[in-house]
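The following note sets out points for a colleague who is reading the model alongside its sequence. The points are numbered, and each can be checked separately.

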Amino acid sequence: MTESERQLQEMALSIQAVRQQGGCRAAVTAPPAAADTIPNLGGEARAGDCLVSMLASGSKGNAALISTAKQRFLVDIGISCRALTTRMKEIGVSVNELDGVFITHEHVDHVRGLATFLKNYQVPVYSSALTWRAILAKDSSLVRQNCRLIDNNRLLCGDLEVQSFSIPH
């Protein structure tokens with residue numbers, strides 16, 4: 001197992017543990033995906049019914065898909081909207097299946113495709129107040145109707161709880 005795969009596995013296990021602590025009674029194990037149904041686009045990791053799939057990772061763009069038995073969320077849209085939808089199709093997921101998008105911070109390698117995504121899709125996009133302010137300072141023309149605020153640094157989305165926190169980066 002590579003270091004990246006180990007980190008992805010730790011992320012999936014961490015998400016699953018927090019969900020279970022929060023009362024989610026999802027199955028502890030999930031059948032492994034067939035090798036030909038989820039291509040490795042940068043790695044994936046599974047823990048229980050939680051699958052984390054990296055769609056892009058690096059200084060040229062970041063995007064991850066977190067899937068549970070009931071929900072699907074993107075984390076960041078750091079690649080073009082076209083590249084994002086293409087990579088999602090490659091793993092059998094449509095943008096219409098998304099329950100939301102979480103933006104971690106305003107750096108271009110995390111938001112490159114955000115403006116186009118907001119224009120084209122009716123999917124809620126969540127971020128902290130500080131991150132939204134920084135994004136809007138760079139692009140005040142952003143379509144805001146689907147922008148959502150993570151209030152009090154916590155957000156409950158179905159059986160997922162998201163906690164926002166600041167780190168130097």
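1. What covers the buried residues of α5? The cover includes α3 (108–111), α4 (114–120), β6 (125–127) and β7 (147–149). Contact here means heavy atoms within 4.5 Å. Helices (H or I, at least four residues) and strands (E, at least two) are DSSP runs, numbered from the N terminus.

2. The buried residues of α5 (residues 129–138) are T131, W132 and I135. Seen down the axis of the helix, they fall within an arc of 100°, so they line one face of α5; the arc is that of the directions from the helix axis to the C-beta atoms. On the other side of α5, L130, R133 and A137 are exposed. Buried stands for under 20% relative accessible area, exposed for over 50%, and partly exposed for values in between (1.4 Å probe, protein chains only). An α-helix has 3.6 residues a turn, so residues three or four places apart point the same way.

3. On the basis of the model: this is a predicted model, in which local features need pLDDT of at least 70 and side-chain atom pairs count only at pLDDT 80 or more, while totals for chains, interfaces and linings use all residues. Residues are numbered from 1 along each chain as its sequence is written, and side-chain values use heavy atoms, with hydrogens and water left out.

4. The pLDDT, the predictor's confidence in each residue from 0 to 100, averages 81 over the protein chain, and 78% of the residues score at least 70. Over residues 26–41 the pLDDT is below 50, and this stretch has 32 contacts in the model beyond near neighbours in sequence. Where pLDDT is low, the predicted coordinates should not be read in detail.

5. The protein chain has five helices and nine strands. From the N terminus on, the elements follow the order α-β-β-β-β-α-β-α-α-β-α-β-β-β. Of the 169 residues in the protein chain, 44% are buried. Among contacts with a separation of 6 or more, 53% are between residues 24 or more positions apart.

6. Seven strands form an open sheet of mixed pairing, in the order β1-β2-β3-β4-β5-β6-β7. Its edge strands are β1 (44–47) and β7, each of which pairs on one side only; two strands pair if DSSP finds at least two bridges between them. Neighbouring strands of this sheet are turned by 25° against each other on average, direction ignored.

7. At one end of the strand order, β6 and β7 run parallel and are joined by three bridges. S127 stands opposite L149 in β7. Helix α5 packs on the sheet, touching β6 and β7, and its direction makes about 110° with that of β6. Axes are lines fitted to C-alpha atoms, for helices over the stretch in contact, and angles run from 0 to 180 degrees between N-to-C directions.

8. Helix α2 lies across β2 (50–56), β3 (63–67) and β4, and runs at about 135° to β2. The loop between β4 and α2 contains D76. The phi of D76 is near 75°, a positive value in a residue other than glycine. Is D76 buried or exposed? At 3% relative accessibility, D76 counts as buried.

9. How many salt bridges does the structure hold? There are two, a salt bridge being a side-chain nitrogen of Lys or Arg within 4 Å of a carboxyl oxygen of Asp or Glu. One of them joins the side chains of E97 and R72 (2.4 Å, N to O). E97 lies in the loop between α2 (81–90) and β5 (100–102) and R72 in strand β4 (residues 72–75), so the pair ties together parts that are 25 residues apart in sequence. E97 is partly exposed at 37% relative accessibility, and R72 is partly exposed at 24%.

10. A salt bridge also links E161 with R154, with the closest N and O atoms 3.0 Å apart. E161 is partly exposed, with a relative accessible area of 40%; R154 is likewise partly exposed, at 46% relative accessibility.

11. Strand β8 (residues 154–157) has a covered face, L155 and C157, and an uncovered one, R154 and L156. In a regular strand the side chains alternate between the two faces of the sheet. Four bridges join β8 to strand β9 (residues 160–163), and the two run antiparallel. L155 stands opposite V162 in β9. The hairpin of β8 and β9 has two residues between the strands, and in this hairpin G158 takes a positive phi near 60°.
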